[in-house]
Amino acid sequence: MSAAPKAYVEHVAIWVKDIHWHIKFFHDVCGMTMREVQGTVEEPIQYWTLGGMQFMAKPDYAGPEGRLGHLGVMCEDLEAALAAARAFGVTEMPQGRNWLRLPDGLAVEFIQASAGAVAQALAVNPRA
């Protein structure tokens, strides 16, 4: 059995009705500041934090808050991870070949990490 490709969850994408509330909550409670924004800070469409959250504005959503959009997985070797995933009956999504829909419906975005980044992230033991 060959070694599995190394990866980690880099962000969790959540659909939210009130994106400003979520931005303020995670900033004020967890100290998570902006990493990136799609749109403007005043009118964000999507908002990423340092700390792994991605909020996607969906003001007209009628269901419960906080539904999962997708997992963003940072890969040491994107091609190896995609090859390993194909054996599991996943489906490529319209967003691109690195977006896979798992049989239970979970969407996963696989992202190529820069050299050494995955090993560095996995070396951190936040509970030590």
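The structure is a predicted model, in which local features require pLDDT of at least 70 and side-chain atom pairs count only at pLDDT 80 or more, while totals for chains, interfaces and linings use all residues. Residues are numbered from 1 along each chain as its sequence is written, and side-chain values use heavy atoms, with hydrogens and water left out.

The secondary structure of the protein chain comprises three helices and eight strands; helices (H or I, at least four residues) and strands (E, at least two) are DSSP runs, numbered from the N terminus. Read from the N terminus, the order of elements is β-α-β-β-β-β-α-β-β-β-α. The C-alpha trace spans about 50 × 35 × 25 Å along its principal axes. Of the 128 residues in the protein chain, 30% are buried, where buried denotes under 20% relative accessible area, exposed over 50%, and partly exposed the range in between (1.4 Å probe, protein chains only). Contacts were defined by heavy atoms within 4.5 Å. Among contacts between residues at least 6 apart in sequence, 59% join residues at least 24 apart.

Four salt bridges are present in the structure, a salt bridge being a side-chain nitrogen of Lys or Arg within 4 Å of a carboxyl oxygen of Asp or Glu. One of them joins the side chains of Glu10 and Arg35, with an N to O distance of 2.5 Å. This pair connects distant parts of the chain, since Glu10 belongs to strand S1 (residues 7–16) and Arg35 to strand S2 (residues 34–39), 25 residues apart. Glu10 is buried at 18% relative accessibility, whereas Arg35 is partly exposed, with a relative accessible area of 33%. Arg35 also forms a salt bridge with Glu36, for which the closest N and O atoms are 3.9 Å apart. Glu36 is partly exposed at 38%.

Glu79 is partly exposed at 41% relative accessibility, and Arg97 is partly exposed at 39%.

The search for disulfides, covering the whole structure, returned zero; the criterion was a pair of cysteine sulfur atoms within 2.5 Å. Cys30 is partly exposed, with a relative accessible area of 44%, while Cys75 is buried at 0% relative accessibility.

Cys75 is also among the residues that line the largest pocket. On a 1 Å grid over the protein atoms alone, a cavity is a set of points where a 1.4 Å probe fits but cannot get out, whereas a pocket is an open set with protein on both sides within 12 Å along at least five of seven lines; lining residues have an atom within 4 Å of a point. The largest pocket holds about 210 Å³ of space, the volume being the space filled by probe spheres set on grid points that are joined across faces, edges and corners. Its lining consists of Ala4, Pro5, Lys6, Ala7, Cys75, Ala81, Ala84, Ala85, Phe88, Val90, Leu102 and Phe110. By class, 11 of the lining residues are nonpolar, none is polar and one is charged; Ala, Val, Leu, Ile, Met, Phe, Trp, Tyr, Cys and Pro count as nonpolar, Asp, Glu, Lys and Arg as charged, and the others, Gly among them, as polar. The largest share of the lining, three residues, is contributed by H2.

Ala81, one of the lining residues, is located in helix H2 and is buried, with a relative accessible area of 10%. Not counting residues up to four places away in sequence, Ala81 touches Pro5, Cys75 and Phe110. The C-alpha atoms of Ala81 and Lys6 are separated by 8.1 Å, although the two residues are 75 residues apart along the chain.

Glu109, in strand S8 (residues 107–112), is buried with a relative accessible area of 16%. Apart from neighbours within four places in sequence, Glu109 is in contact with His11, His70, Leu71, Gly72, Val73, Asn98 and Trp99. A separation of 9.7 Å is found between the C-alpha atoms of Glu109 and Val9, which are 100 residues apart along the chain.
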